[in-house]
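Colleague: I am new to this one. Please walk me through how to read it.

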Amino acid sequence: MKQSRYVIAAVLLCAIVFGSCKRILELEPKTGPTSISFWKNDKDALAGLMGGYALTREALMDENRFFVYGDITANTFRVTYSSDYSIHQIANGELDGVYYGYLENLQNWSLYYKAIAQANLLVQKIPTIPDNAFAIGANKAYYTGEAHFLRAFLYFYISRVWGDVPMILEPVEDLSQAKNIGREKQSVVLAQCLKDVESAIQLLPETPIQTNDRGVRASRASALALKAHIYAWMKDFTKCEEATRDLVASPGKYGLKFITDSAEYSRLTIGRSMEAVFEINIDEKQNEGSGPDIYGSFQGIGSKTLYVPYLATREPRNPDNVPWMAHKTTYENVYWEDNDLRAQLWFEKDPNSYMEGNYMVKKYANITYRDGDVRKDPRQSNNLLVFRLSDIILLRAEALFKTGKEAEARDLVNKVRTRARLEALDGTTAGDDLYYFIITERQRELFAEGHAFWDLLRTGFVNDFNAQFANATEPGSDRYGKNYWPIPRVLFKDNMLMKQTPYWNGRL
């Protein structure tokens, strides 16, 4: 039997280990030790697990997908033909790239399936390692819970991007037995996500075992947050309310704290804050910072949004010299109240006439330079903020509103607004007005954190921010399903079971 192979590459003291199946998803098999010689002890389990996190980071960071899928489509950023030719068409709803091209990689889910393949391997192999092979007995359950969390998170993420997706739950260790499969209904995929989440909740500790793992490794809080987001996407707000209840009522139980100190709050986007529920670690000190690509160009969200004095390598002479400025209309519609702390901390309005009063997003400005004072080799160390406490507080506010508990919902919104130095809402803000405040408060609090498009789609407010996707979630609309990305032709190779995303069938 020919065993599938995977690479073990050093990442600090850990390794990247993944199996892949070219026949199914065009993934290239790698050379390295076989499964038979691996999965013997806790070090093997940890190495494989760190590989799972690394592959998840690679998938989300590649071409800034985390922000492209969740923010560009919501007009969080101003992207033009001249500022970022390769993706400007996305905000126009042209996910097919038929006129300008350059979107084939973003249409391809293969990076996510590499991470899923690793998660499948972890889910299957870690439980087979003998209990006495773990120096700390509790780590076996901990690591297994992380594996279930990663698989649930990855499938949930891609189901929001592509809708129906292939669902593979077993690691493919014999390439001769690999089978082509088609796309599974989103409802079935989400049901599996919930099964994995429930397993993770049972297995994961309430807080990470190591303090320095705060936020960057899954805990029970991470699994509860994921569960809440899945139910919100499914519009099951009773279950969403249940999933958020303990996290919001007793954050200290999970090692979390609602930050009230403004200086501490300003550092939240660096990562590992007291509000960090789950983040993707990106730290230049650990060789994870966003460095140059193969062409020598600086990568990462900072490379798209920053310029002097926050990024020494860019001195713009007009807005198009900065790939992603804040979308001016979106910014002014969201931050319309005076004295909002978030507007002060995360944005800078350029006073120069040649910049036309545009807003720079300086939220991700933790930049260091490998060449010191020369300042020509920038690296970024801001974590990807997937879930944080204020996100869950506002998600709970939405669930409370949807289940008829307006006063409780208003109290939670005011908790976030008060921190941002805004006036608390009183009882006159109710009904539809309160609901709109809850959703726009999420836009203010989580600006450029990859949530905007998903929030606007599930709440029906997408038309207020990007009319190109209006009615995309309404059955019978001529735009129904337009929010789901097409898949490229390469994924149809030798797989007769694969079908194009319905809206894009015949358009690509």
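Modeller: We go from the whole chain to single residues.

Modeller: This is a predicted model, so local features need pLDDT of at least 70, side-chain atom pairs count only at pLDDT 80 or more, and totals for chains, interfaces and linings use all residues. Residues are numbered from 1 along each chain as its sequence is written, and side-chain values use heavy atoms, with hydrogens and water left out.

Colleague: How many helices and strands does the protein chain have?

Modeller: Helices (H or I, at least four residues) and strands (E, at least two) are DSSP runs, numbered from the N terminus. The protein chain has 17 helices and 10 strands.

Colleague: What share of the residues is buried?

Modeller: Buried means under 20% relative accessible area, exposed over 50%, and partly exposed in between, with a 1.4 Å probe and protein chains only. Here 60% of the 508 residues are buried. The accessible surface of the chain, by the Shrake-Rupley method with a 1.4 Å probe, comes to about 20600 Å². Carbon and sulfur atoms hold 48% of that surface.

Colleague: Is H6 mostly covered or mostly open?

Modeller: Mostly covered: 23 of its 24 residues are buried. Just after H6, Gly163 takes a positive phi of about 80°.

Colleague: Now the charged pairs. How many salt bridges are there?

Modeller: Side chains of opposite charge can pair when their charged atoms come close. A salt bridge is a side-chain nitrogen of Lys or Arg within 4 Å of a carboxyl oxygen of Asp or Glu. By this rule the count is 33. One of them pairs Asp84 with Lys304, at 3.0 Å from N to O. Asp84 lies in the loop between strand E3 (77-78) and helix H4 (104-107), and Lys304 in helix H11 (residues 301-305), so the pair ties together parts 220 residues apart in sequence. Both residues are buried.

Colleague: Which partners does Arg342 have?

Modeller: Asp340 meets Arg342 at 3.0 Å, N to O. Glu441 meets Arg342 at 2.7 Å, N to O. Arg342 sits in helix H13 (residues 341-346) and Glu441 in helix H16 (residues 431-445), so this pair ties together parts 99 residues apart in sequence. Salt bridges with shared partners join these residues into one network, with members including Glu275, Lys363, Arg388 and Glu449. Asp340 is buried, at 2% relative accessible area. Arg342 is buried too, at 0%.

Colleague: Where is Asn483 found, and what does Asn483 touch?

Modeller: Asn483 is in the segment after helix H17 (452-459). Asn483 counts as buried at 3% relative accessibility. Beyond neighbours within four places in sequence, its contacts include Leu95, Val161 and Phe453. Gly93 is 390 residues from Asn483 in sequence, and 7.9 Å away in space, C-alpha to C-alpha.

Colleague: And Asn108: buried or exposed?

Modeller: Buried, at 13% relative accessibility. Asn108 lies in the loop between H4 and helix H5 (110-125). Not counting residues up to four places away, Asn108 touches Arg65, Trp162, Pro488, Val490 and Leu491.

Methods
Contact means heavy atoms within 4.5 Å.
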